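Please brief me on this structure. Take the salt bridges, the sheets and the overall build of the helical chain in turn.

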Amino acid sequence: MRTPRVPASLTGLACLFAVWEAASRSDLVPAHYLRPPSVVFPTLVRLLGDPVFLRAVVATVAATLLALGIAVLIAVPAGLVLGSFPPVRRATMTIVEFLRPIPSVALIPLALLTFGTGPDTKVTLAVYGALWPILFNTMYALDEIDPLHVETARAFGTGRLAVLTRVALPSAAPFVLTGVRLSFAISLAVVISTELFAGGAIGLGQFILAASSGGAHMDEVLAGTVLAGLIGFAANSGLEWLHRAVFAWNVSADGLR
Amino acid sequence: MPTMLEVADLGHTYPGKDGAHNAVDGLSFTVDAGELVCVVGPSGCGKSTLLRAIAGLITPTRGTVSLRGTRVDGVPSELAVVFQDYSRSLFPWLTVQRNVEFPLRGLPRSQRAARAREALASVGLDQAGRKHPGQLSGGMQQRVAIARALAYRPSLLLMDEPFASVDAQTRFELEDLLLRVRREQDTTVLLVTHDIDESVYLGDRVLVLTKSPASVVADLPVDLGDARDQIKTRASETFVDLRAKVAELLRGASHIEDAKLI
């Protein structure tokens with residue numbers, strides 16, 4: 001059940017690139033702008049040898065991971081508190097439901113003015129965007145905890161706080177990791193978007209913005225875009241692998257729960 | 001034998017939208033150290049409420065529970081519980097070994113591991129320590145739950161319909177396993193069941209409860225001796241008489257309730 005998954009997903013990607021190649025070679029779209037993968041991939045390979053480009057990629061990935069880490073540190077404890085204490089949850093849910101639909105991108109102007117064009121801005125915004133899936137997954141995972149698990153622990157003299165760390169947290173952990181998986185993509189997207197808007201900040205978004213001016217280097221624009229997708233794909237696969245490795249007990253026969 | 005457990009005039013009422021539900025009322029009995037007492041009653045009669053009150057998981061509205069003469073207030077530290085639903089009471093993220101070690105947190109690591117291994121061996125699962133509960137059959141999972149309770153070395157072992165969710169063959173095996181380990185470890189056991197045969201087969205005494213609100217209608221000593229055998233004991237005259245008596249009492253208990261309703 002495990003081995004066919006990777007080739008299957010890669011086949012899907014290959015199909016996508018084949019369609020892209022065909023679309024680009026047909027007259028349906030301006031081939032000058034939608035450069036085919038046969039052009040974009042060699043460009044990507046060339047760019048990966050370019051230190052300036054690599055520095056931009058590293059800056060983007062580092063900001064993404066930093067934001068994700070901070071989001072975990074905030075959202076997991078917050079989710080545990082909101083999930084375990086219904087009064088706290090009732091009191092704060094209106095705030096959460098008000099903040100959550102606000103797109104991180106809409107906060108870019110405010111963040112730029114507050115934090116300037118440095119990495120603080122993109123990290124802060126990415127943290128904001130990445131918080132919610134982790135927070136909600138943690139919180140709702142606590143709702144799903146089997147009351148009998150809690151009763152069993154309590155009957156063996158486990159205190160309230162210990163029940164939280166020894167029962168609630170491990171039983172919520174797979175859901176938290178799923179939240180992290182969702183949040184990685186959000187974090188990456190917000191970082192790149194902020195780089196695109198903020199202009200000056202070094203990163204993949206800034207590279208794409210610079211390459212797109214004039215429309216002459218669409219192969220580089222697309223190479224940067226494809227790389228963003230590949231980074232997200234790799235991170236997702238890595239986290240799925242981690243889920244299977246660490247939470248084997250939670251993996252059902254047909255895949256992740 | 002000194003008294004291990006004393007339940008005195010216990011009553012519990014659940015508040016509810018459609019009026020309060022009186023689950024247990026005026027329930028009194030004692031269990032001596034080393035005894036295995038079975039509580040049998042019709043389903044929904046408040047057996048689980050009784051057990052949860054003894055375990056300190058709920059605070060009864062009336063009456064008292066005392067362990068070794070000390071009134072229970074909160075969860076007593078010398079008590080272990082085995083629930084019916086093993087699949088939900090074992091922690092799926094822990095290995096079998098870690099599940100059994102779970103209540104032994106106060107002990108040094110090596111001692112914890114040794115005790116868990118010993119308990120697993122006593123239920124015949126010395127090879128399963130590294131597996132996760134999900135990889136075991138239902139009967140084996142319930143053995144793990146029993147091992148976990150035994151490893152804790154409780155003064156009182158509470159069992160809530162522990163064998164109700166396994167097949168008949170496994171059930172016989174687990175019943176005999178319980179009889180063996182409780183003799184080996186001299187554990188005091190209070191076992192709640194709705195199965196009349198099981199209560200007679202396992203118990204030194206059988207407490208018969210009425211329908212909800214539960215109270216004790218009979219406290220029957222079981223004169224079957226210590227050595228019991230699934231086939232011979234169940235065929236013996238004493239067993240057959242006792243089970244008929246319990247059945248009659250249970251029927252009577254529901255009749256009284258029916259009469260009240262009319």
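**Lead: a salt bridge in chain B**

Glu161(B) and Lys47(B) form a salt bridge, with their closest N and O atoms 3.8 Å apart. A salt bridge here is a side-chain nitrogen of Lys or Arg within 4 Å of a carboxyl oxygen of Asp or Glu. The pair links distant parts of the chain, 114 residues apart: Glu161(B) sits in the loop between β7 and α6 (168–185) of chain B, and Lys47(B) in helix α1 (residues 47–54) of chain B. Helices (H or I, at least four residues) and strands (E, at least two) are DSSP runs, numbered from the N terminus. Both Glu161(B) and Lys47(B) are buried. Buried means under 20% relative accessible area, exposed over 50%, and partly exposed in between (1.4 Å probe, protein chains only).

This is a predicted model: local features need pLDDT of at least 70, side-chain atom pairs count only at pLDDT 80 or more, and totals for chains, interfaces and linings use all residues. Residues are numbered from 1 along each chain as its sequence is written, chains are lettered from A and ligands numbered from 1 in the order in which they are written, and side-chain values use heavy atoms, with hydrogens and water left out.

**Other salt bridges**

- Side chains of opposite charge can pair when their charged atoms come close.
- Over all chains, the count comes to 27 salt bridges.
- In chain A, the side chains of Arg46(A) and Glu220(A) meet in a salt bridge (3.2 Å, N to O).
- Arg46(A) lies in helix α2 (residues 37–48) of chain A and Glu220(A) in helix α10 (residues 218–246) of chain A, so this pair ties together parts that are 174 residues apart in sequence.
- Arg46(A) counts as partly exposed, at 48% relative accessibility.
- Glu220(A) is buried, with a relative accessible area of 15%.
- In chain B, Glu173(B) forms a salt bridge with Arg143(B), the closest N and O atoms being 3.2 Å apart.
- That pair also links distant parts of the chain, with Glu173(B) in helix α6 and Arg143(B) in helix α5 of chain B, 30 residues apart.
- Glu173(B) is partly exposed at 38% relative accessibility, whereas Arg143(B) is buried at 18%.
- A network of salt bridges links Arg171(B), Glu175(B), Asp195(B), Glu198(B) and Arg234(B).

**Six-stranded sheet of chain B**

- Six strands of chain B form an open sheet with mixed pairing, in the order β6-β7-β8-β3-β9-β10.
- Two strands pair if DSSP finds at least two bridges between them.
- Its edge strands are β6 (79–82) and β10 (216–221) of chain B, each pairing on one side only.
- The twist averages 15° from one strand to the next.
- Axes are lines fitted to C-alpha atoms, for helices over the stretch in contact, and angles run from 0 to 180 degrees between N-to-C directions.
- Strand β9 (residues 205–209) of chain B pairs with β10(B) in the antiparallel sense over five bridges.
- Within that pairing, Val208(B) stands opposite Ala218(B) in β10(B).
- Helix α5 (residues 138–151) of chain B lies across β6 and β7 (156–160) of chain B, at about 175° to β6(B).

**Four-stranded sheet of chain B**

- Four strands of chain B form an open antiparallel sheet in the order β2-β1-β4-β5.
- β2 (21–32) and β5 (70–71) of chain B are the edge strands, and each pairs on one side only.
- Strand β1 (residues 3–14) of chain B and β2(B) pair in the antiparallel sense over eight bridges.
- Glu6(B) stands opposite Thr30(B) in β2(B).

**Chain A as a whole**

- Chain A has 10 helices and zero strands.
- The C-alpha atoms of chain A fill a box of roughly 70 × 50 × 35 Å, taken along the principal axes.
- Of the 257 residues in chain A, 46% are buried.
- Among contacts in chain A between residues at least 6 apart in sequence, 73% join residues at least 24 apart.
- Contact means heavy atoms within 4.5 Å.
- Chain A exposes about 12,700 Å², and carbon and sulfur atoms supply 72% of it.

Conventions
Accessible areas come from the Shrake-Rupley method with a 1.4 Å probe; for residues, only the protein chains shown count as cover.
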